[in-house]
Amino acid sequence: MPINRDQVLFFTGPAEDEVLINCTRVQGLDATDAEDLTSAEQEGRKQVLMIAEFLQRDVPGFERASISAVAPQIGIRESRRIIGHYALTQADVVAGRKFDDVIARSGYPIDIHDPSGQGVVAAFIEGDGAYDIPYRCLISSNIRNLLAAGRCISTTHEAHATTRLTPSCMATGEAAGTAAALTVKMKLDPVKLPIELLQAKLRHNGAAI
């Protein structure tokens with residue numbers, strides 16, 4: 001198939017006769033450009049149909065399989081990020097580094113889908129299997145009063161390959177929203193918010209930090 005992947009990933013469920021297929025790959029387009037996004041949507045859906053045909057034709061057990069659902073829009077792995085007071089690195093993630101200003105934790109390994117090639121590169125977390133995301137990664141260093149969350153936080157390309165996952169995006173979103181509320185209430189700049197206060201509020205709301 002004309003898809004630049006060297007593997008097909010299967011994930012079971014949620015029903016016994018369902019499987020999630022991760023095999024599409026759309027490269028070389030700009031996620032911040034509307035025309036490129038349109039082209040990516042079209043290419044991604046073409047690839048879904050090609051993969052379904054391949055499975056039905058060549059993989060035992062898929063002869064009568066059908067597509068039950070497709071993502072509502074193409075998934076963007078990486079685009080713009082802020083320049084924060086700290087950029088999380090691959091070394092931080094792999095070492096399972098702990099930070100005094102932790103606002104979220106993750107146990108997902110680095111998972112880089114090659115932007116131009118076929119492969120997937122993984123790097124697993126040492127120690128207790130989890131690393132901290134510091135509050136400084138959420139605060140813009142060059143735009144006052146700007147907090148970021150999700151895929152937009154301050155990381156290197158390699159570290160972004162773990163912080164981009166949904167659980168991390170949810171956790172940093174909660175932290176950024178909580179910090180924004182506290183800074184408005186206390187009339188503070190986000191960079192001057194006492195980290196102990198933010199952490200206490202997050203823990204009170206159930207965050208595991």
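A: Begin with contact, which means heavy atoms within 4.5 Å. Helices (H or I, at least four residues) and strands (E, at least two) are DSSP runs, numbered from the N terminus. This is a predicted model, in which local features need pLDDT of at least 70 and side-chain atom pairs count only at pLDDT 80 or more, while totals for chains, interfaces and linings use all residues. Residues are numbered from 1 along each chain as its sequence is written, and side-chain values use heavy atoms, with hydrogens and water left out.

Q: Which residues of H4 meet H5, and which residues in H5 do they meet?
A: From H4 they are Glu 174, Ala 175, Thr 178, Ala 179, Leu 182 and Met 186. Their partners in H5 are Leu 197, Leu 198, Lys 201 and Leu 202.

Q: How are the axes of H4 and H5 placed?
A: Axes are lines fitted to C-alpha atoms, for helices over the stretch in contact, and angles run from 0 to 180 degrees between N-to-C directions. Here the two axes come within 10 Å and cross at roughly 125 degrees. Angles under 35 degrees count as roughly parallel, over 145 as roughly antiparallel, 65 to 115 as roughly perpendicular and the rest as oblique. H4 and H5 are therefore oblique to each other.

Q: Is Thr 183 buried or exposed?
A: Buried means under 20% relative accessible area, exposed over 50%, and partly exposed in between (1.4 Å probe, protein chains only). Thr 183 counts as buried because its relative accessibility is 7%. Thr 183 belongs to helix H4, residues 166–186. Apart from neighbours within four places in sequence, Thr 183 is in contact with Leu 188, Asp 189, Pro 190 and Leu 193.

Q: What is the phi of Lys 187, and where does this residue lie?
A: Lys 187 is a residue other than glycine with a positive phi, near 55 degrees. Its place is the loop between H4 and helix H5 (195–204). Lys 187 is exposed because its relative accessibility is 75%.

Q: Where is Asn 145, and what is its phi?
A: Asn 145 is in the loop between strand S6 (131–134) and helix H3 (157–163). Although not a glycine, Asn 145 has a positive phi of about 65 degrees. At 47% relative accessibility, Asn 145 is partly exposed.

Q: How many bridges join S1 to S2?
A: Two strands pair if DSSP finds at least two bridges between them. S1 and S2 run antiparallel and are joined by 4 bridges. Leu 9 stands opposite Asn 22 in S2. The hairpin has 6 residues between the strands, and Gly 13 there takes a positive phi near 85 degrees. A cis peptide bond, with omega about 10 degrees, joins Gly 13 and Pro 14. Pro 14 lies in the loop between strand S1 (9–12) and strand S2 (19–22).

Q: How many disulfides are there?
A: A disulfide is a pair of cysteine sulfur atoms within 2.5 Å. By this rule there are 0 disulfides. For Cys 137, which is in no disulfide, the nearest cysteine sulfur is that of Cys 152, 13 Å away. Cys 137 is buried, at 0% relative accessibility.
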